[in-house]
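Reader: I'm new to this one. Can you walk me through the structure?

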Amino acid sequence: MSVIVKGIPASQGKVRGKVIIVKTQKDYKKVKEGDILVTRHTDPSMVLIMQRAAAIVTDQGGLTSHAAVVSREMGTPCIVGTKNGTKKLKDKQVIEVDADKGTVNTVG
Amino acid sequence: MKVVNFYRKILEAYSPEDPFSYHGTNKMYNKEEVSRITKRLKWQQNNPEALREVNKLLASLASITYAIYNDFFPCLGREFHGPYDVSKAFGKGTCMISRDYFNIKPTHLWKHCKNYKYKSVNVLGIYRNLKIKFDFWGNYISLDDMNRKLLYYAVIVDGKQASTPKRIKEISEYLAKKTVEQVRRVDRMSFEQTKLQFQKMAESFFKEMYDAAGIDWRPTREMKEKIKGKKLLKHFTQWAEGRIITPKEIKRGKRILDPRINIHYDKKVPE
């Protein structure tokens, strides 16, 4: 296992799943239960897909950002402020999100 | 100094035990109130089905609040407070946390909110041996798995308890729907309309105090004229674009704000 991206651990936990990169509202429907939501930053309109996601990874934001606050409320693992998560991760890639350490790792 | 001391007195009135959250707490209830709450409510035991719905409700609440107010602040419709010692009622090492969304129907800011079904939702949780800290902005940080440490919960909606996961799900789904509508409403606003709305929001922070003093809290015509046709300051435009803060700005921020607050800048979660 190797580290693909690093960021600020905003809500703890470790989970594996399939990446879904969300860039616009048109991508929302791609996120299914248990997927890993990867996006530049979250906003309130993403509430339903955030509830489906097994983990959330954002390029921007800190510990008081929308993604961080909502993830902590749900108890969903979340890493924020990765800077380049949406570029380094690929759609449907299976990864491990270690939100205790703030790393997104390859699997296998 | 008079103004600073005035604000200090407000904080001390609201949270006498730890007004600046220096000790990591934010206590709004006194001991009698805590005792009354623990006795009055029908506490529901944590279980996987209920936890799933309570967590979704919390996400919906955070989202609708952010959509309405564009941020999370105690003066903007929500206050997280605690931890309250409830060991007499629930056993050694137990504490209560309140996530009080006291105004998710701010008709003074958005007229359409008058059609919203719910005004206030308070999600109370009883936890065992929970390590948690509150900061002076009303956020909390816990290094524990709060889901695992939750023993009981109670959801109060406009003063009435919502007891079943089905009812909680109904409220959560309604709020999520209203969130999406609100985001679309804000997206449709022009830049000038957005500036005026933000100005109104900022002036509303002390609405209750202004109302008590019989003063109109709303921005004056002069204040509105001041921002008409103007661009945002460069710094704030960059902030809005999600620029990563530089070390120089972190140093300046810590000089202006509470230097103990590392969580907004450092990559480590505080101990």
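Author: A term to begin with: helices (H or I, at least four residues) and strands (E, at least two) are DSSP runs, numbered from the N terminus. This is a predicted model, in which local features need pLDDT of at least 70, side-chain atom pairs count only at pLDDT 80 or more, and totals for chains, interfaces and linings use all residues. Residues are numbered from 1 along each chain as its sequence is written, chains are lettered from A and ligands numbered from 1 in the order in which they are written, and side-chain values use heavy atoms, with hydrogens and water left out.

Reader: Which element gives the most to the nonpolar patch on chain B?

Author: Helix 1 of chain B, residues 2-14, with three residues. B:Tyr7 is found in that helix.

Reader: And which residues make the patch?

Author: B:Val3, B:Phe6, B:Tyr7, B:Phe205, B:Phe206 and B:Met209 make a nonpolar surface patch of about 520 Å². Patches take residues with over 30% relative accessible area and no salt bridge; nonpolar side chains (Val, Leu, Ile, Met, Phe, Trp, Tyr) are joined within 5 Å. Accessible areas come from the Shrake-Rupley method with a 1.4 Å probe, and for residues only the protein chains shown count as cover.

Reader: How many residues does each chain give to the contact?

Author: Chain A gives 22 residues and chain B gives 35, where contact means heavy atoms within 4.5 Å.

Reader: Which salt bridge is found across the interface?

Author: The rule finds one there, between the side chains of A:Glu73 and B:Arg99 at 3.5 Å, N to O. The rule asks for a side-chain nitrogen of Lys or Arg within 4 Å of a carboxyl oxygen of Asp or Glu. On the side of chain A that touches chain B, helix 2 of chain A gives the most, with six residues.

Reader: New topic. Where is the cis peptide bond?

Author: Between B:Gly82 and B:Pro83, with omega about -15°. B:Pro83 is found in strand 2 of chain B, residues 79-85.

Methods
Patches are made of residues with over 30% relative accessible area and no salt bridge: like charges are joined within 9 Å, nonpolar side chains (Val, Leu, Ile, Met, Phe, Trp, Tyr) within 5 Å.
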